[in-house]
Amino acid sequence: MSVDFRWNRPVPLITREALGGERTMLFMANEAKRLMDPYVPALNMGLSQNVRTYVDGGVGIVHYTSPYANYQHKGILMVSRITGSPWARKGESKVTTGRKLKYNKSRHPLATSEWEKAMKAARMGDFTNAVQRFVNGGGV
């Protein structure tokens, strides 16, 4: 006896639907953003307030939209090619110096570069538990 088994739809689509599809991916992006907030540098909270979460290509995205987000995320001091100042004018390009940024720990003690890595190291269990509860239908 032989059995021929075929999926009616692509396996990645079946997997995404089993996990809740885009709704779950958006939840995951929002939960990651929430758990990353304590690690995001926040002298005046501009970086952590200018953030969008959305789903693109079946993946949840957390997008920090401030012009200096990439600079802060890398954690390396960048300066103007013209003046050598970290405060470049609009349209001026910057170059990296190789020196690490220093974050004001008195106002935001957990602030760091690559904040998603810090969040994963400290809170990955909380993240996976929240996602599991959401997928199980229990919300947050």
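Tyrosine 54 counts as partly exposed because its relative accessibility is 23%, where partly exposed covers the range between buried, under 20% relative accessible area, and exposed, over 50% (1.4 Å probe, protein chains only). The model is predicted: local features need pLDDT of at least 70, side-chain atom pairs count only at pLDDT 80 or more, and totals for chains, interfaces and linings use all residues. Residues are numbered from 1 along each chain as its sequence is written, and side-chain values use heavy atoms, with hydrogens and water left out.

Tyrosine 54 belongs to strand E1 (residues 51–56); strands (E, at least two residues) and helices (H or I, at least four) are DSSP runs numbered from the N terminus. Leaving aside neighbours within four places in sequence, tyrosine 54 is in contact with Leu26, Ala29, Val59, Gly60, Ile61 and His63, contact meaning heavy atoms within 4.5 Å.

Residues up to four places away in sequence not counted, valine 59 touches Met25 and Tyr54. The C-alpha atoms of valine 59 and glutamate 31 are separated by 14 Å, and these residues are 28 apart along the chain.

Helix H2 has 16 residues. From first C-alpha to last, H2 reaches 23 Å, close to the 22 Å expected at 1.5 Å a residue; the expected span is 1.5 Å times one less than the number of residues. The buried residues in H2 include Met25, Ala29, Glu31, Ala32, Leu35 and Met36.

A straight helix of 21 residues would span 30 Å, whereas H5 spans only 25 Å between its end C-alpha atoms. H5 has a kink of about 80 degrees centred on arginine 123, the bend at a residue being the angle between axes fitted to the seven residues ending there and the seven starting there. Buried in H5 are Trp115, Met119, Phe127, Ala130, Val131 and Phe134. Their cover includes H2, helix H3 (46–49), E2 and H4.

Glutamate 114 is partly exposed, with a relative accessible area of 32%. After H5 comes glycine 137, whose phi is also positive, near 95 degrees.

Tryptophan 115 lies in H5 and counts as buried because its relative accessibility is 2%. Apart from neighbours within four places in sequence, tryptophan 115 is in contact with Met36, Tyr39, Val40, Pro41, Leu47, Tyr64, Ala69, Gln72 and His73. Its C-alpha is separated by 8.6 Å from that of proline 38, 77 residues apart along the chain. Phenylalanine 127, also in H5, counts as buried at 11% relative accessibility. Phenylalanine 127 touches Met28, Glu31, Ala32 and Leu35, again not counting residues up to four places away in sequence. The C-alpha atoms of phenylalanine 127 and aspartate 4 are 39 Å apart, and the two residues are 123 apart in sequence.

The pockets come next. A pocket is an open set of points, on a 1 Å grid over the protein atoms alone, where a 1.4 Å probe fits, with protein on both sides within 12 Å along at least five of seven lines; lining residues have an atom within 4 Å of a point. Grid points are joined across faces, edges and corners, and a volume is the space filled by probe spheres set on the points.

The largest pocket holds about 770 Å³. Its lining has 23 residues, and the closest to its centre are Tyr68, Tyr71, Gln72, Trp87 and Lys94. By class, this lining has 13 nonpolar, five polar and five charged residues; Ala, Val, Leu, Ile, Met, Phe, Trp, Tyr, Cys and Pro count as nonpolar, Asp, Glu, Lys and Arg as charged, and the others, Gly among them, as polar.

The second largest pocket has a volume of about 310 Å³. Of its 17 lining residues, Ala32, Met36, Gly60, Val62 and Glu116 are the closest to its centre. H2 (21–36), E2 (59–64), H4 (69–74) and H5 (115–135) each supply at least two residues of this lining. H5 gives the largest share, six residues. The lining divides into 13 nonpolar, two polar and two charged residues.
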